[in-house]
Amino acid sequence: MIHKSEICNILEDYDTTAITIATIGSHTALQILKGARDEQLKNLVICKKGTEEVYRQFAVADELLVVENYKEVLEKEFQEELIERNAVLIPHGSFVEYLSPVRIENELRVPIFGNRTVLEWESDRTKEREWMEHANLRYLRVFKTPADIDRLVIVKFPGAKGGKNYFLASNPDEFKTKIGRPELRLKLNENDAAEFTIQEYVIGTRFYPHYFYSPLKDRVELLSMDIRYESNIDGIARVSHILQDIPTHSQPEPSFVVTGNLPVVVRESLLPRILEMGQRIVEASDQLFSPGLIGPFCIETVCTEDLEFIAFEISARIVAGTNLYINGSPYSQLLYDEPMSTGRRIAVEIKEAIKADSLDSIIY
Ligand code: ATP
């Protein structure tokens, strides 16, 4: 892991009157770039050849850097170019996936908005679980071995792949059959529990609240909320009455591939609990990996019929569901009374940190 002092040394040579918000062209880049522009900060986008047109079309970037492969960002010369432009990188889901959490932590010397230590806490499911337990969130049951499966479970694989290849099982035999599917290319090895996680599948309604923690204001803000639209599970729900009459072996296997995002607001009486969860996650992060979580994050939850929120995952960076709210959400409108997306909120925090001469407190 690159030491924070090394990043701070680089930051010391930055011209803070010419900070450039930079990110990789995918995921939430349009929103991040627009947010920087709305706050009169310079911005740039790094695009893979063939994807530039999107950023030209929407014209929200001051500069486009085109690469053949995103891994080029990690090359010394490329990093030097970014540093010369006083770049602050904004991580998002694709950014972390393309560059890899380990390589970001160990090789990326360009200052990143937020605390890069968080990457190892969100990408390792054991650590993520420790974090949620420390925060006293109602976390769901995790089964150590397939032999223990005694209820409906969801089986997950490492890395944020948007639910790709996850499957459901209700008993050890069903698990064995499904894990053997050729597309998984995994050999069932009961000692190698790290290959997959077996979580209790919670039935309820999903809410993915989008928070922002500002260290400058020491405040957790609820900016917006979404529900992921997932194929084919959300399609199956529309024909469930027809599927009931089909023999089990012919029924489609549910999958959880994210295809879009739906806006949602929660019953107002549930808001205290949502705010409390965000607050606790931030406090726990400070205790576990000080200075903890900085900036945007999302807790993936299911709300049960007893109106209890059960958390199943944390995304410790901007999530794609925030793209619904480039012009703000009902919640951000109440907080700011102007169009405040998560992307713009990041730019506001950076601007305020520059003003307070404390950029080093929100960057690592
Ligand atoms: P990302 O990192 O992008 O959030 P991921 O690959 O880690 O994606 P998850 O978000 O953990 O995947 O899960 C994908 C989807 O599967 C969820 O959006 C949700 O619909 C469903 N899901 C996951 N875990 C559970 C659970 N324990 N109970 C009910 N549904 C779940």
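Biologist: Let's start with the term: a polar contact is a pair of N or O atoms within 3.5 Å. With that in mind, how far is a polar side-chain atom of E313 from an oxygen atom of the ligand?

Modeller: This is a predicted model, so treat every value as computed. A polar side-chain atom of E313 sits 2.8 Å from a ligand oxygen atom, and that pair counts as a polar contact because the cut-off is 3.5 Å.

Biologist: What about K156 and R125, how far are their side chains from an oxygen atom of the ligand?

Modeller: For K156, an N or O atom of the side chain is 2.7 Å from an oxygen atom of the ligand. For R125, a polar side-chain atom lies 3.4 Å from a ligand oxygen.

Biologist: How much of the ligand does the protein bury?

Modeller: The protein buries 96% of the 610 Å² that the ligand exposes when taken alone.

Biologist: Who's around it? How many residues surround the ligand, and which are the closest?

Modeller: There are 21 residues around the ligand, with K156, Y166, Y208, E230 and E300 the closest. By class, the shell has nine charged, nine nonpolar and three polar residues.

Biologist: Which strands supply at least two residues of that shell?

Modeller: Strand 6 (153-156), strand 8 (197-200), strand 9 (205-214), strand 10 (219-232) and strand 13 (309-315) each do.

Biologist: And domains? What does the domain assignment give for the chain?

Modeller: It gives domain 1 (4-114), domain 2 (125-136 + 204-335) and domain 3 (142-200). The ligand shell takes at least three residues from each of domain 2 and domain 3.

Biologist: How far apart are the C-alpha centres of domain 1 and domain 3?

Modeller: Those centres of domain 1 and domain 3 are 36 Å apart.

Biologist: New topic: cavities. How many of 30 Å³ or more are there?

Modeller: The count is one cavity of 30 Å³ or more. The largest cavity has a volume of about 170 Å³.

Biologist: Which residues lie nearest the centre of the largest cavity?

Modeller: P91, F113, G114, V118 and A316 do, out of 19 lining residues. Its lining has 14 nonpolar, three polar and two charged residues.

Biologist: Which domains each give at least three residues to that lining?

Modeller: Domain 1 and domain 2 each give at least three to the lining of the largest cavity.

Notes:
Residues numbered from 1 in each chain as written. Predicted model: local features only at pLDDT ≥ 70, side-chain atom pairs only at ≥ 80, totals over all residues. Heavy atoms only, no water. 1 Å grid on protein atoms, 1.4 Å probe; cavity = no way out; pocket = protein on both sides within 12 Å on 5 of 7 lines; lining within 4 Å. Points joined across faces, edges and corners; volume = space filled by probe spheres on them. Nonpolar A, V, L, I, M, F, W, Y, C, P; charged D, E, K, R; others polar. Domains from an automatic or database assignment. Near = heavy atom within 4 Å. Polar contact = N/O pair within 3.5 Å; in protein donor to acceptor, adjacent residues only side chain to side chain. Areas by Shrake-Rupley, 256 points an atom, 1.4 Å probe, with all protein chains shown as cover. Helix = DSSP H or I, 4+ residues; strand = E, 2+ residues; numbered from the N terminus.
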